[in-house]
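Subject: Structure handover and notes

Dear colleague,

Please find the structure below, followed by my notes on it. I would be glad if you kept the two side by side while reading.

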Amino acid sequence: MTMHWKKMRELSRSRSDGWQLYTLMIPAAVLVILFSYIPLYGVIIAFQDYKLGDPFPAVSGVEWVGFKHFLSYIESKFFARTMINTIRLSLMNLLFGFTTPIIFALLLNEVRNARYKKFVQTVSYLPYFISMVVVAGMVLSFLEINGLINNLLSLFGVSPREYIIYPECYPWIYTFTNVWKSFGFASILYFSTISGIDPALYESARIDGANRWQQMLHITLPSILYIIAVQLVMQMGQILNTNTDLALLLYRSSTYSTSDTIGTYIYRIGIQGGKYSYTAAVGLFMSVIGFALTFITNRISNRLTGYGLW
Amino acid sequence: MKKNRNAIREGSRFADAAIYFIAAIVAFITLYPLYYVLILSLSEPEIAATMRVYWFPKGLYWGGYEKIFEDVRLWISYRNTLIYAGVEAVGMLFTCCTFAYALSWKKLRGRSWINAFILIPMYFSGGIIPLFLLMINFGLYNTPWALILPGCYSIWYIILVRSYFSSIPETLREAARIDGANHYQTLWSIYLPISKPILAVIALYTIVGVWNSWYHPALFLTDTNLQPLQLYLRRVLVEQTISFTEDFASAEMLVAYQEEKISNNQLKYTVIIVSTLPMIVAYPFFQRYFIKGVMLGSLKE
């Protein structure tokens, strides 16, 4: 029987339809080349003085300027502002957005009524499916001078303010909106890992006299440590990528001092302002640092927890 | 021993109450804003404008809905979104399945090169500016293709489908080949029928992604007749395209204008409901696929 199989397999291997596999790769390959590789190569405009109408992407017919744009970004006042704002928002997001799903999953795991648990869980995913525009629209109208938030705060004697125009409020509005939208969905991963923990572990811990808090601390938490480590590495790599999607909808010129990030800056100066080479340089600078950060945190994570992306 | 156990239980009762309470607050914070928008959309416009409604709509006013259903621009953008979502979902399934199928054969020559070819763009990207210039220089800018073509592939989904395909037992695949099926037939009649779960996951992720995205459409589409729903929403909700600086010849006109403004203000909430309702109604049915997708995505090769 095995002989038979082997023979048949060889027979099929020798069939000459291997070229079909390559034809099957064409559709995706064409799109990957067009929309991933050409833009990747097109980053060379960061070292050129590209103007609309110049050939793109091209090595000749465009003026090469070396690192001029990188230097002018680093020397400009926008460098410090966009960097600090980006890192501030990312760290706040890490502090709240990264921890909330973990705490939420650990908390909900302690709910014993399965239906109630399922209900809260399902509700928590819902905001993930609401579009960013709608979420931002809701935030903007709730924060209006005669909006919901001010109405509620006035019950406690707080005088109304138009929070969205104050730079000191912006990071909190941005972070809260982000966390509200994503914490439930981000917790799925932790839920599923927790549900995979061997119940025998809890059983034996209980026999040893561990209370719920101790069980959570010594069984549940260590079991999801691996996922936490991997998520943390991925988040660190994203530290210069704030949520431009949301920021562009919420920010305004009066809050630029805290709200203008690398992403929004590239959009405003590049797409709207037409300084393509300059902003391509800013973008390249940002992704190089992002990659380095991923690399470093991955090494640290590997050393500390034994887990990492690679 | 028994006494000890009881002690834990006693302590737990209070903890239980606290946990249930916190969970209830979380659910409330998540649901209430949406419910709030719903009651605002149904309240009298003057009341909705000051947001002095908390639990139930004040008055029952359908005017907002009547007005919004007459707005042609809403329906054009709605239609556009449906077209983009449908086309991109089909395109995404097509490119992912074909490419992943080829990769799932270990004997494919140059397989490691091809893997590198699709992995490199996952770690390095040119960013938004080169993509934008590409659209302009290739004549795609302000055409539906600028949105559709990049939306028809995803390296991440290719990897997901590939790992799913690779889990198909070797014997099953070989059996089809021995029966004389070529690669196209094997993909179509062996692979696809048993891969329905992952195909559903990818189609749904794509559709929800298209439905909710506004950034790429805003970059590439300036023609309002081509713009999807989210850009219509952005005009109404964020930019609030009603101008406040017009001159008024008479007091009556000013009053009329202000009434108009108030009811337009309410339209924001109506529009949110009209645009989000399909998603919320469909949500209980598709959410399990999303959870499945998260689990698949967390698998490491």
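Residues are numbered from 1 along each chain as its sequence is written, and chains are lettered from A and ligands numbered from 1 in the order in which they are written.

Confidence

The model scores ipTM 0.86 and pTM 0.86. Within chain A, confidence is lowest in helix α1 (residues 2-14), at a mean of 54, and highest in helix α3 (residues 68-75), at 93; helices here are DSSP runs of H or I with at least four residues, strands are runs of E with at least two, and both are numbered from the N terminus. For chain B the mean pLDDT is 82, and 87% of its residues reach 70 or more. In chain B, confidence is lowest in α2(B), at a mean of 72, and highest in helix α7 (residues 145-148), at 94.

Two stretches of chain B call for caution. Over residues 1-10 of chain B pLDDT stays under 50, and the model has two contacts beyond four places in sequence for them, where a contact means that the C-beta atoms of two residues, placed from the backbone, lie within 7 Å. Residues 242-246 of chain B also have pLDDT under 50 throughout, again with two contacts beyond four places in sequence. Where pLDDT is low, the predicted coordinates should not be read in detail.

Contact of the two chains

Chain A brings 69 residues to the contact and chain B brings 76 residues. On the side of chain A that touches chain B, helix α2 (residues 18-42) of chain A gives the most, with 15 residues. By class, that side of chain A has 43 nonpolar, 20 polar and six charged residues; Ala, Val, Leu, Ile, Met, Phe, Trp, Tyr, Cys and Pro count as nonpolar, Asp, Glu, Lys and Arg as charged, and the others, Gly among them, as polar.

How do α2(A) and helix α6 (residues 128-137) of chain B cross? Their axes come within 8 Å and cross at roughly 110°, with axes taken as lines fitted to C-alpha atoms, for helices over the stretch in contact, and angles running from 0 to 180 degrees between N-to-C directions. α2(A) and α6(B) are therefore roughly perpendicular to each other, a term that covers angles of 65 to 115 degrees. The contact is made by A:Phe35, A:Ile38, A:Pro39 and A:Gly42 of α2(A), and by B:Pro130, B:Leu131, B:Leu133 and B:Leu134 of α6(B). By class, this contact has seven nonpolar, one polar and no charged residues.

Domains

Chain A is assigned domain 1 (2-64) and domain 2 (68-305), and the bounds come from an automatic or database domain assignment. The C-alpha centres of these two domains of chain A lie 35 Å apart, and six residues of domain 1 of chain A are in contact with six residues of domain 2 of chain A. Chain B is divided into domain 1 (1-61) and domain 2 (75-301), with eight residues of domain 1 of chain B in contact with eight of domain 2 of chain B. The side of domain 1 of chain B that touches domain 2 of chain B draws at least two residues from each of α1 (2-42) and α2 (45-50) of chain B.

Local details

A:Phe56 and A:Pro57 are joined by a cis peptide bond, with omega about -15°, and A:Pro57 is found in the loop between β1 (48-49) and β2 (63-64) of chain A. B:Asn142 has a positive phi of about 60° although it is not a glycine.

With best wishes

Technical notes
This is a predicted model: local features need pLDDT of at least 70, side-chain atom pairs count only at pLDDT 80 or more; totals for chains, interfaces and linings use all residues. Angles under 35 degrees count as roughly parallel, over 145 as roughly antiparallel, 65 to 115 as roughly perpendicular and the rest as oblique. pLDDT is the predictor's confidence in each residue, from 0 to 100.
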